[in-house]
Amino acid sequence: MSMLKNQADALVKVQNMSAGDLEELFGAFAPVKGKVAGALYNSDTDGMKNVLLHSNPAGVLTGLKIAAVLSGAQGAVLIVNCPVNEQELQANANMLGLPLTIEQASTVSMLDHRDDALYCFDELAAMASRLLGETPGCLISVDDGVPQEVGPETEIASMLPGGVKGILADHSFYSAESLRGLMAGEMKSHSGVIHTIGSAQCVVDLLKREIRTLREKSCGKCVYCREGLYQLSQTVQEITEGRAKAQDVELAKEIAEAMTVSCSCSLGDLAGKPLLSVAENFGPELEAHVKRKECAAGVCLALIQIYVDLAKCQGCGTCVRACPKGCIEGKTGFVSMIDGFSCDRCGVCLEVCPNGAVVKTSGRAPKLPSRLTRVKGARRTEEAAQEKQESAQSRRRRSFGRVAGAAAAGSGSAPSGIPSSSAGAAAGSAAPGVSAAAEAPKAAPASAAAAEKPAQGVLAAAQAEAPGTQAQEAARPDLTVKKVGNRRRVFARAKGPEDR
Ligand code: SF4
Ligand code: SF4
Ligand code: SF4
């Protein structure tokens, strides 16, 4: 196998062979009214086989000579879409006595070349190999690597790196399962290029790109190729945006099937293959996009959600500052919130978050709060502050109880004695905080009976207002409640003269 090297020996050998010798070796060819043409397939959007024009011009020209002799063509034409060494090619053609024209074109016009017989460069070089008694192989390049000539019996799977979920070759998608047992010779690849599909890649996204590539290359002369590719691109775009229905996919499949038999060249013939092969070999992944609006690889932006995990966010604000779209709301100590409508899923927030709190998911995001909420730690701090405040209040109440108890002890067991100002002062010394209120009031009642009556009325009001603590205090005869401003305060009763 030597297709990738210049087959100068073949060029020499073919000059000494008659048409009969060639027919014996290659069989009869269909007669051609025009020329024999060497070109890439229109469906070949990779152009890897152009390498033969540079590495093996002798083989290509030898093949053209053999085809021209056996088909009775009037000359040869090379249709190329890359820079070539025209002088070298012409020199080889002159050696063979083959009239050669070189045409630059991105696609082969089937109308202009309707009378010509078209051969791909590797088919021409393969003829040269057979002339030399060699078995031609298949030119294969994996992931744009160096092309290699492999035997037709080489299993495609054996050429791939591990962990791939499938390949894209000649606009057809193959899953790992469908590749089992597939040989290079069986694939009959027009381009010879294999693109591997990793687990992080989305097949539907690749399908969208493949159809776009075909649209860019289509010359647009055939209705099915032109309109069919437009329809397919629209449907696949809708699938990646979560807007397609199952019946849209079915219609697209019908269009794709019709394209394979209604177009003028290989590009149109293969243009429906991407969709059909995805439906056949990656059905579950396609269905997930259409029915559940999920992109497992997280590539189709419209089908992924980016949100902030409440449990992980520390409210540092890094993502708020980093978001180029300004669509993250947040402030220090609060869980950031992403505006899903404005977010373009650029992923910056995912990268900058120091706590891994920004989550990218396909499908539904969990229920999130509709307004800013404190981060978990901050909530705990707030609770602790509240508890502290409550405990301070409780301490004040206990302290107040001690003061009141001291006042009662000072007054003996008199149930409703009139407290003296000195007793109030004593109480005040025991509990200075409360004593200001507990000191003997200036307007102390003149007698116990006179003091009790209004005091009971005030106590009742205090009970109504403060059924908790004040009600408890009101039950104690050694206390009294007075209105100070708008508030009611509890005081120790001043001791009467009999208590002194
Ligand atoms: S099938 Fe497409 S690329 Fe080929 S001739 Fe028709 S329109 Fe042009
Ligand atoms: S993905 Fe990009 S646009 Fe969306 S919130 Fe994050 S940083 Fe902003
Ligand atoms: S999501 Fe991350 S970066 Fe943004 S505030 Fe929370 S912890 Fe900080």
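## Ligand 1, between two domains

Ligand 1 lies between domain 1 (8-136) and domain 2 (142-290), because both give residues to the shell around it; the domain bounds come from an automatic or database domain assignment. This is a predicted model, where local features need pLDDT of at least 70, side-chain atom pairs count only at pLDDT 80 or more, and totals for chains, interfaces and linings use all residues. Residues are numbered from 1 along each chain as its sequence is written, while chains are lettered from A and ligands numbered from 1 in the order in which they are written.

So who's around ligand 1? There are 15 residues, with C222, C225, C263, C265 and G268 coming nearest (a residue is near if its C-beta atom, placed from the backbone, lies within 6 Å).

By class, the shell around ligand 1 has seven nonpolar, six polar and two charged residues. Ala, Val, Leu, Ile, Met, Phe, Trp, Tyr, Cys and Pro count as nonpolar, Asp, Glu, Lys and Arg as charged, and the others, Gly among them, as polar.

## Ligand 2

Ligand 2 has 13 residues around it, and C323, C343, C346, V348 and C349 are the closest. Its shell divides into nine nonpolar, one polar and three charged residues.
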